[in-house]
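Dear colleague,

Please find below the structure that I am handing over to you. My findings follow after it.

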Amino acid sequence: MSIISENIKYLRKQMHLTQEQMANQIGIKRSLLGAYEEGRADPRLNNLQKMTEIFNLSIDMIIGSDLTRMPLSDIHKNVRDQGFRVLALTTDRSGKENIELVPQKAAAGYLNGYADPEYLEDLPKFSIPGLSPNFTYRAFEISGDSMLPLIDGTIVVGKYIQSQDDLKGGKTYILLTKNEGVVYKRVYFDQESRKLNLVSDNHLYKPYQVSFEDVVEIWEAVIFISKEFPETDKDKLQGEISFDKLKNMVLDLQQEVMKLKVN
């Protein structure tokens with residue numbers, strides 16, 4: 001049996017539901033739920049979403065963590081203690097998760113609407129081929145120049161991080177915080193203070209700390225989409241060579257003109 005099938009069976013029993021009762025809540029046949037629990041079939045995304053509502057857990061937890069080692073009440077307590085919540089999301093007609101885009105102009109409202117499916121429905125949506133289907137993704141348009149070379153208006157796509165244990169020091173994350181809203185920073189975990197150090201790649205901006213109690217969502221940056229190609233040293237060198245060539249051409253032309261005048 002897979003982790004997901006064991007989790008579904010375990011959580012159903014923790015909820016004191018029969019297969020028939022849970023199948024009715026999901027809107028499927030009991031035999032199909034039995035196939036899920038025995039690992040003979042993988043649940044479709046829309047059915048997984050309904051399970052998240054029944055268990056009050058995120059899809060990432062159900063498919064990616066072994067939940068059979070503790071009571072459901074302790075699982076919910078851990079989720080609350082870590083400051084994370086059940087993730088709201090939207091799907092297309094085929095049941096595939098959308099990547100919702102949070103533009104700069106919507107970033108302030110996202111703090112109030114992140115858990116509201118109706119709010120998410122109004123956001124722009126797109127898909128990117130090649131991303132792992134085992135994670136949930138969301139895109140954010142960053143503002144300012146604190147994370148150069150990523151410029152103002154760059155879109156950063158992040159995958160949802162359910163637990164603080166999944167944070168990797170030194171990587172970049174989009175964080176939804178209670179006090180500052182959406183921020184994109186390089187994150188380090190301070191073991192002594194039990195806080196997150198947020199560091200800008202543009203060192204003109206000073207690092208600062210936030211507590212886990214202030215963090216509502218964390219998205220690990222996986223892809224960025226920029227309106228401008230970043231300039232490399234090679235590009236600069238090519239520009240300098242082109243200028244030198246142009247200057248020499250002008251000098252040669254001047255010499256040719258002087259020769260014509262003499263003749």
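What covers the buried residues of α3? The cover includes α1 (3-14), α2 (19-26) and α4 (45-55). Please note that this is a predicted model. Helix α3 itself spans residues 30-38, and its buried residues are L33, G34, A35, Y36 and E37. Just after α3 comes G39, whose phi is positive at about 80°.

Two residues other than glycine also call for attention in the backbone. H16, in the loop between α1 and α2, has a positive phi near 60°. Its relative accessible area is 71%, so H16 counts as exposed, the cut-off being over 50%. N56 is placed in the loop between α4 and α5 (59-64). This residue is not a glycine, yet N56 has a positive phi of about 60°. With a relative accessible area of 46%, N56 is partly exposed.

A further backbone feature is the cis peptide bond between L148 and P149, with omega at about 15°. P149 belongs to the loop that lies between β3 (137-141) and β4 (155-160).

As for the protein as a whole, nine helices and nine strands were assigned. The chain has 263 residues, of which 42% count as buried. Of the contacts between residues at least 6 apart in sequence, 59% join residues at least 24 apart. The accessible surface amounts to about 15,700 Å², and carbon and sulfur atoms account for 51% of that area.

With kind regards

Note on methods: Residues are numbered from 1 along each chain as its sequence is written. This is a predicted model: local features need pLDDT of at least 70, side-chain atom pairs count only at pLDDT 80 or more; totals for chains, interfaces and linings use all residues. Side-chain values use heavy atoms; hydrogens and water are left out. Helices (H or I, at least four residues) and strands (E, at least two) are DSSP runs, numbered from the N terminus. Buried means under 20% relative accessible area, exposed over 50%, partly exposed in between (1.4 Å probe, protein chains only). Contact means heavy atoms within 4.5 Å. Accessible areas come from the Shrake-Rupley method with a 1.4 Å probe; for residues, only the protein chains shown count as cover.
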